[in-house]
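Here is a short briefing on one chain. Read it alongside the sequence and the structure.

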Amino acid sequence: MGFGSFLKKQFRKVIQWESDNENDIIYKYPLEKKEEIMKKSVLVVREGQKAMFIQEGKLADVFGPGTYKLDDIKNLPLLTQLYNWKYLWESPYTGDVYFVSTKQFTNMKWGTANPIMMRDKDFGMVRVRGFGVYSFSVGTPTNALRELIGSMNNYTVKNVDDYFKKIITSTLSNVIAESKIPALDLAASYDELAEMAKQKMAEEFEKIGIEIKSLYIENLSLPEEVEKMLDKRTNVGVMSGVMQQHAQMETLEAMRDAAKNPNGVSGMGIGLGAGLGFGKVFADNMATVSNPTAVKEPEEKLTCPNCGASVGKKAKFCPECGQTMKPPKKVCPSCGAEIGTKVKFCPECGANLNERVCKECGAKLKSNQKFCPECGAKQ
């Protein structure tokens with residue numbers, strides 16, 4: 001080997017990212033066999049990049065954007081400690097040089113390979129599929145180099161795409177299940193769900209030196225049978241509203257025709273009672289127009305203790321058997337005064353109502369005694 005070849009091997013003029021693949025995340029600077037980097041070399045790190053010198057599998061130094069002359073000891077505090085570069089030709093650097101792209105990789109696609117199972121209060125167990133986009137960047141280059149690339153020369157978006165999708169879909173599945181958002185409200189909660197998922201998987205991505213910059217849910221779709229059911233509900237709601245409006249319009253037109261009749265409502269053959277009933281219908285319809293959300297609640301019913309018939313809450317007697325619907329009065333066993341059901345002492349004589357006494361002789365009784373121990377009277 002001549003002197004010129006020797007100099008060519010020893011002096012690398014510029015060390016820089018030479019790959020033109022925009023999807024490269026980590027790029028290993030190609031050092032040919034037996035090629036050495038001497039301190040006369042120049043390192044160029046562009047914006048959106050970081051350079052790392054690795055020696056024997058250990059990180060030696062990290063360089064941010066800029067141009068560095070390797071003969072300037074101030075630029076290489078760690079390398080200078082590892083190698084005696086102040087002596088020319090002695091101890092040349094023979095390790096590896098990696099460049100890491102710190103730019104943001106955008107418009108990355110994600111989607112559910114299998115449906116997400118969620119429990120819904122209206123439809124029970126529901127299968128949900130979804131897709132969207134996300135963006136990421138290398139947040140901690142040393143972690144990314146240690147956890148991702150290993151001994152590979154280049155590491156591209158293609159190498160991490162499937163892995164990142166699995167993390168995102170798994171995290172979103174947990175978030176959707178934990179949120180308990182009804183299936184009908186999922187479409188209005190895309191931003192909320194995406195932010196929750198982004199925060200939850202931040203720690204997992206940090207372990208491999210990656211930072212998720214953005215996450216968007218473009219669609220969460222329900223099974224076809226559920227969507228058909230929703231369509232039916234929507235149609236029923238629309239038709240119900242149309243029918244209600246039609247009934248109101250019919251009522252208004254009938255009242256208009258009655259007003260035009262010279263004999264009034266009774267002259268139309270309806271009669272006074274029917275006219276009053278018609279007026280009530282009109283009033284009810286107008287009330288519904290002014291307050292469409294008002295719904296007449298069903299009257300609460302009671303059960304007759306004698307015959308079991310259904311009786312209105314305000315009825316005093318059963319319409320079937322005539323049994324009084326008022327609860328039986330409670331009287332003081334000592335003085336016979338009428339007392340409340342929750343009173344513990346008689347307001348008239350002060351007797352303790354929690355104590356049982358014999359109806360005949362007034363002797364005190366225990367709660368489980370059926371006959372008086374004094375007079376034998378049945379209690």
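pLDDT is the predictor's confidence in each residue, on a scale from 0 to 100. It applies here because this is a predicted model. Helix α1 (residues 3-10) has the lowest confidence in the chain, with a mean of 45. Strand β8 (residues 105-111) has the highest, at 93.

**Confidence**
- The average pLDDT of the chain is 75. A score of at least 70 is reached by 66% of the residues.
- Residues 84-90 fall below 50 in pLDDT. In the model, this stretch still shows 17 contacts beyond near neighbours in sequence.
- Residues 265-269 also lie below 50. Their stretch has 6 contacts beyond near neighbours in sequence.

**Overall make-up**
- The chain holds 7 helices and 18 strands.
- It has 379 residues, and 32% of them count as buried.
- Among contacts with a separation of 6 or more, 55% join residues 24 or more positions apart.

- Strands pair through backbone hydrogen bonds, in either a parallel or an antiparallel sense.
- β1 pairs with strand β3 (residues 42-45) in the parallel sense, over 2 bridges.
- Ile 15 has Leu 43 in β3 as its bridge partner.

**Thr 171 in helix α4**
- Thr 171 sits in helix α4 (residues 157-179).
- Is Thr 171 buried or exposed? Its relative accessible area is 10%, and buried means under 20%, so Thr 171 is buried.
- Leaving out residues up to four places away in sequence, Thr 171 touches Ala 197, Lys 200 and Met 201.

**Thr 106 in strand β8**
- Thr 106 belongs to strand β8, which has the highest confidence in the chain, at 93.
- Which residues does Thr 106 contact, leaving aside neighbours within four places in sequence? They are Tyr 134 and Ser 135.
- Thr 106 and Val 133 are 27 residues apart in sequence. Their C-alpha atoms are 8.2 Å apart in space.

Methods
Residues numbered from 1 in each chain as written. Predicted model: local features only at pLDDT ≥ 70, side-chain atom pairs only at ≥ 80, totals over all residues. Heavy atoms only, no water. Helix = DSSP H or I, 4+ residues; strand = E, 2+ residues; numbered from the N terminus. Buried < 20%, exposed > 50% of the residue type's maximum accessible area, 1.4 Å probe, protein only. Contact = heavy atoms within 4.5 Å. Pairing = 2+ DSSP bridges.
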